[in-house]
Amino acid sequence: MRLSKRVDVNELYQIRTSGLDLKTIREKLVTARGPRFWQSLEELAETREFKELLFREFPRQASEWVDDEPGRRRFLKLMGASLALAGVTACTRQPDEKILPYVRQPEETIPGKSLYFATAMPLSGVGVGVLAESHQGRPTKLEGNPEHPGSLGGADALTQASVLQLYDPDRLNTLLHYGEVATWNQFSQEMTKVVAAAKLNKGAGLRILTETVGSPTLGAQLRQFLADFPNAKWHQWEPAGAHSARTGAELAFGKPVHTYYKVDNAEVILTLDADFLTTGPGNVRYARNFASRRRVYENGGKMNRLYAVESCPSGTGTMADHRWPMRAGEIQNFAAALAQALGVEVGGLAGGAFRGVPEASMKALAADLGAHKGTSLVVAGEQQPPETHALAHAINAALGNIGTTVLYTEPIETMPVDQVASLKELVADLNSGNVETMLILGGNPVYNAPADLDFAAAMKKAKLRIALCYYDDETSSLCHWQVPEAHYLEAWGDIRAYNGAVSIQQPLIQPLYRGKSAVDLMTFFGPVPEQPAYEVVRAYWQSRTSGDFEAWWRKAVHDGVAPGAAFPAVNVTVKPGWASALRPAALPEMELNFRPDPTVYDGRFANNGWLQELPKPLTKLTWENVALVSVETARELNVQAGDIVELRSGGRSVQAPVWILPGHANRSVTVHLGYGRTRAGRVGNQAGFNAYWLRASARLWSGEDLEIRKTGGRTELACTQSHWKMEGRHPVRAGTLAQYEKDPAFAKAMAHEFPPEITLYPERKYEGYAWGMAIDLGSCNGCNACVIACQAENNIPVVGREQVLAQREMHWIRVDRYFEGDLDNPTAHSQPVLCMHCENAPCEVVCPVAATVHSAEGLNDMVYNRCVGTRYCSNNCPYKVRRFNFLLYADFETEISKMQRNPDVSVRSRGVMEKCTYCVQRINQARIEAKRADREIKDGEVLTACQQTCPTQAIHFGNLNDPNSKVAKLKQEQLNYSLLGELNTRPRTTYLASLRNPHPALAPAGAPESKSHG
Amino acid sequence: MENTSTVKELSLAERERAAVIGPGHTFATITDKIASIVLHEPSPASWWLGLLIGLTLLSGLGLSVGYLLFKGTGIWGINIPVGWGFAIINFVWWIGIGHAGTLISAILLLLKQRWRTSINRFAEAMTLFAVACAAIFPVIHTGRPWLAAYWLFPYPNTMALMPQFRSPLMWDVFAVSTYGTVSLLFWYVGLIPDLATLRDRATAKFQKIAYGILSLGWRGSAVHWHRYETASLLLAGLATPLVLSVHTIVSFDFAVSVIPGWHATIFPPYFVAGAIFSGFAMVVTLSIPIRAIYGLQDFITLKHLENMAKVMLATGWIVFYGYLMEIFIAWYSGNEYERYMMINRQMGPYAPFYWALIFCNGIAPQIFWWKKARTSIPILFIMSIVINIGMWLERFIIVVTSLHRDFLPSSWGMYWPTIWDWMTYAGTLGLFLTLFFLFIRVLPMISIFEMRTIIPQAKVAGVHK
C-alpha cells in the first residue's frame, strides 16, 4: 500500500487494507534516529510510520471508521483513544517478576558499574552457561560461567557473538499477519481458535515443528501437548544436530543414550573426524580439559597424546601429535580395522578399504591405545556415519574407558527421535493435505531442510502456518502469522548442558520487540493460556524438586546451574552382534562432505556481522563459504584458489569458489553449511553459496555422486592471512616433548634474543604494577573465541567484505595460522597476536603528535583524541597489530546497535588509529576496587577479555612485578620466548613454545623445521 | 666558459652548442625578448592547451581531495600493512624534484657556474611549485587533516601539549616549511629587478600597478644593487644547506624506522643525490618544450642541456651506487629480514617495478656518456621522462615493498592504488602545470638582468668580472 503523500491523519484513516510496505517501515524503524523507538507517545504521534503502525493495530475501529461519516468529535475521540492505547501497548508494563539475583556482590545497581547475571546460551538443544554483563539493564557482553560444567569460565566464539544477535536491527520487530502488523490480541484469538478446534478433533491436522528441544520445561509442555491432543504430532528438525551420535548410540547400545567425555582423564586420545575441541556440545569444556593435560610445566613433564584421523583439517587436528588426512568415507573402515586390531568384534564391518595410515602407524596407535586401558579415549565426529560412532563406543568399551573417560547419560534432548524420518513424515502429511495448522517454533526449515524434501512447497499446503521466528526469514515469510521470537537474553527458560546439567535461563532485558519464546506459545495448549514463561518454568521445577523450592530456585538462577538436576551417568553395554548385519562403507570416486560453518554455524548466525567477519580457523576466510580441497585434488582438478566450480550432487548443483587447504584429504570436497541465505538480513543476504541445496535426506553429512566442473569464473575471496609459511623465521616456536626433555630452552635458542644490557640509555624502572601477558601456544587451538570476546568488549566495528578484501579488518587480536612441513599433511600452528605493549615501542617514537605513549605501568596507550592518523606507528610496528579507521567504520547511526556498546570503551571515529589496550578499562575497574579496599590488585583480579573467554586458558595476564603472579611464573618457564625479541622491542607479551608428544616409534606428522637459526 | 668562442676556432655548430647564449644579442634584445613574452606577445595556442590540461587535472585534484575529506583515507589503496602509499611516494617525489631549483640557484651561484643563469628562474619556480604540490600530501594523507594541519606545529595551548619532537614527521614539518619559505624568498628577491623592468615597460594600467607594487620601488640604484647582491648571497648561503638537509630529513622518515628496507644509514646521501637527479630531469623536461615554444633557443642553449645531462649522469651514478650498496648490505648484514626484503624486491610480486627502476635510474642514464646523446634534444627529453618515472618508481619500491612484507609473514599483504590515488597524483601534476603556465605568462621566466650580464658587452663594460 502506498501511503498518502502528505502527513495527514485524516488521510491516513482512509487507507483501506492492502499490502503494507512493511519492509520499508521496518527499515525505517531500525534505522530511526533518536533515543528510543516506540516508547514515547510523542514519537508515535510525530512520525508517519508510527501512525501507520498505530492504525494497523486497531483495524476494526479503523475500518468501521472508513465507512462512517467522519464527524470531528468522533474522530478526535478515536484518535485520542488510539494514541493512549498505543502508549499502553508500547510501554511494556513491568511484570511482577524477580529477575535480578546477583552473581557478584554489589547490593544495588550503581550507575557506571556493570552487573553479571547467570544464564545459558542454547545451541542445537545444548546449553552453555554464561554470565551476561549488564550495563544499566543492557546486556553488553557474555562471559563463560565459571560454575557451569560446560563452560568453567570459557566461552566459544558463537556464544560470545550471540549478544550481537539480540540487537540485530534486522530482527523481526513486530507481530505480522499476512505480512501486516498485527496485535498480540489478534494472534491470541487465532490461537484460541486453533486450540478450540484441536480440542474437538484431538489435534488432528495440528503439527508442531521445533528444532532439537533441550529445554526440560518446553519438552514437558510438548509431551503434555501430545498427551492432550493425541492426533497432533510434534516434529523436530535440527540441521546441524547430533543425528549420527543419536543413531550410533542406538546402534551400539540398543537405546538412545547421550555420550560425553572426561577428556582430562585421557592420556591417549583418538579422534575419528571429530572436532570435539572447537565445535559441538561441550567443546569449551573439552578444550580446557585437553589443554590442561598439554602443559608439561604443570604436569611434571607429562603430556597427553592426540591422534587425529580427519577429512578436513580442524582445530582439533591442529593440536594432534599425529594427524592423518583420510576421506570421511574411509574413516569408518579405518575404525573397524583399528577395532579389530584391539580385539573388538566388528561383525560385517571388517575388511573395508582405507588409505592414509601406514601399517606401522596403525600398529603403534593400537598398541598405544591398548596400553592405556581406562585412560584412553576414542571420539567419533558427528559427521561420521552412525557405524563409526558405534565402533567408537565398542572400542571405548573394550578399552575400559566407560566410566573413566567416556560417560553416558539419558538423552539430553527431551525427545530423541530420528529427525530425518520425523521431517519426512511431516512433509508426507503436508503433501497429502492432512495438515490444517502448522506451528513452527523456531528454526528455518525452508532454508535448511534436506533439499530433496522440497519443504517449502510442502509447507505451503498447510492451511494455517504460524511461525515463531527471530527474523522475517525464508521460512517465516511464507507463514500467515509471524510471531517475533525472544532472544534467550529476553526470556525465561531452561536448558541442559553437554553433560545433562540444567541451567535456568533468566532474561536480562525486557523483550525489545515484545518477542515470545516457544514456552510462551505452548501455554496456549496448556491449562493457563498466556501464562508467563517465568511461572511455567518455575512450576515445572517446583514439581521436580523437594524441600525449600524458593532457596533451590534462587540458587539455580543465581549460580546458573540447577543443583541436583543433572542426569546421573547410566550403565550401558554394547549389544553383542550389533554390527553383524552391517557392511563396510562403499567409497565414491570423489566425496562431498557437509560441515556446519565454524562461524555462521547452520546459517542462524548469517546476519551476525562479528561472525561473518571472523576469519575462519585455518582458512582465514571471511564473509563466505568455499569448496575446500586438498593440494593434490586441486592439481587433479586443475583448479586454483578462487576458481568457481560447479558442484553437482543428487541432481542439484551449486556454484562454489574453490579454496585449497593443505592437509585436507585427497579426492574429497568439504563445503560448509549456513551460507547463501536469501532472507537473512542486510548482513547475511547473498553471502556465499547455499550448500543445503546439495544436502539430501538419505545421508545428511555427505553428498552422493559428486561431479565437479570448472566454470571458468573466478572470484576474489576475503582472506585475512594469505601467507602460509613462516619463511624460515620463528614467530611460532614448536618442538617435541623429547626435544624439551633434552633442552628445555630450545625455543629461546631459535632466534637471537637482544641482550638487555646493550643500551645507551638507563634502564627504565617500573614501580608498582608492570602489566604483562604470556600466551601458551601449546594450548591454543585457534578457536577464535578471543577475537569475538575482544570485539564485544572493545566496541570493535565490523568493516564488511570489501574492506576485508582491502586488508582493513579491525580485530585487535588476531589468530595467526602457519603451516609447517609436508604440503599434503602439514602441521598447523595457531598464534594469537595482539599488541605486545613493547617496553621499547617502535610506534611511540615515530608519532608526531604523541598520540601513542607509554604508561607508568608499561602499557602502550593510544590517545584517540590526539591521533591525527599519520599511520606511521602502524608502519613501524613489527607486529602489525595496529588498526586504522580508514573510513567511518563505527556505526553511529543505528540506535539499537548502540545498546550493545561497552560504555567503558570509546567508540572510535574515522581517521584514528586503534589497537589492543590490554583491556585497560578492566585494569582500571580493578584498580578502583583495590584502592577502595586499600590493597593491591590481586593476581587474577584483572582478566582481559581474551583471557577470560579462552576455553583453553592459553592466555595469562597480570603484574610482572609480583613474582608470585601466574604470568610472572610463566615467563620464568624455559619455553617462554619473545616474538621478534631480536629487535629489542622488549615485548610485554611473550609466548610459550608449543610442544607435541609424538609416539616415539613414529615420525611426527610434519616434523618441525630442522633448520636452526641463522 | 662564456668566452670559448673567442679562444678557439670552432665550427658554427660547435660554437652554438658550447655557448650559453646565442650570438648577436644585446642588452635590448634580451630585455625585449623576455619581457615581451609577458607584456606584449599573445599567448601561443600551446600555452592555452597546456593550461587547459593543467586546469583539467587540477579540477581532478579538487574532486579527489574533496571526496577524501568527505569519506576518509579509505578511498585510497592503503591498508594494514601498507599504511603509506601514493601520498608519501608523491610527497617524496615532488620534494625531490624541487631540489634542482635550489641547487641551480644557490649552489651553482656560489660556485659561479654562470651557465645556470638562463635556467635558474624557472628552475626556482619549479622548486616552489613542486614544494607546493609536495606539501599537499603530508596534510591530506592523515586521517584527520583538519587537526593535523595545526597539531603538527608547536603552538602554545592550554593543554601544554607539544608535538612529539622525536618523530621524523615532526622534523619534516620544519624542514619542508623552512625550505618552502627560503625558496620563496630567494625566488622573489631575484625577481625584483625584473619586476621593475616589467613595470617600466608595461603599457596596461593594471600591469603597471601590479608590477609596481611587486617591484617594491626598485630603481636600479647602486645602493639597490649592492643590497640586492648581499641579500642574494645570504639567501644562497641559507638555501645551500637546505639542498642537503631537506631530503636528508625526508629520508629519516624511513631510516629512523625499524622496517627492513627503510632502516638504512645510506638513505640521506642517496636521497639527496636522487633528489638532484630527478630535479634536473624535471628541469630538462620543462625547458625543452619551453625553449621551442617561445623560441628561446638562444637563451637555453644546448650547452645548458648538456651540462644538465652531465649532472644527471653523475647523480644517477650516486643513486645507482646506493641501489648496489643496498643489495650488498642486505647480504652482508646477515639479517634474515633484510635479505628477504631484497630478494622480495627483486623476485617478489613487485619485481617488475624494481627492475624498471634499475633500468630507468641505473642503466638508461649511461647513455649520457656519449656527447651525441647529451646534445640530442629528443634523447634528452625522453631520458628526462624516463628518469622522472624511475625516481617515482624508486619511492614506490621503498615505500611499498618494504611495508608489504615485513617481519611477520602472517600480516603480509599487497598494495595497489585506486582511481582516487591516481586522480590525486595526476591532480598535483595539474596543479604544477597550472602554476607553471601561469608563471610563464605573468613573470619573466628567464632572469632578464642576469642574462644581460653574460653577454660580451657586459664584460667589456666591466660591470661584471
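The legends below describe close-up views of a predicted model.

Residues are numbered from 1 along each chain as its sequence is written, while chains are lettered from A and ligands numbered from 1 in the order in which they are written. Because this is a predicted model, local features need pLDDT of at least 70 and side-chain atom pairs count only at pLDDT 80 or more, whereas totals for chains, interfaces and linings use all residues.

View 1. Helix α10 spans residues 243–253 of chain A, and nine of its 11 residues are buried (20 or more other C-beta atoms within 10 Å of the residue's own, with C-beta atoms placed from the backbone). Among the buried residues are A:H243, A:R246, A:L251 and A:F253. The partners against which the buried residues of α10(A) pack are β8 (258–261), β12 (376–380), α15 (386–398) and α16 (419–431) of chain A. Helices (H or I, at least four residues) and strands (E, at least two) are DSSP runs, numbered from the N terminus. Just after α10(A), A:G254 has a positive phi of about 80°.

**View 2. Domains 2 and 4 of chain A.** An automatic or database domain assignment places domain 2 at 243–408 and domain 4 at 734–996 of chain A. Their C-alpha centres are 35 Å apart. Each of these two domains of chain A gives 20 residues to the contact (C-beta atoms, placed from the backbone, within 7 Å). On the side of domain 2 of chain A that touches domain 4 of chain A, α11 (283–292), α12 (315–319) and β11 (322–325) each supply at least two residues.

**View 3. Chains A and B.** The contact draws 43 residues from chain A and 39 residues from chain B. In chain A, α27 (842–846), α28 (872–875) and β32 (883–884) each supply at least two residues of the side that touches chain B.

Technical notes
Buried ≥ 20, exposed ≤ 12 C-beta atoms within 10 Å, placed from the backbone.
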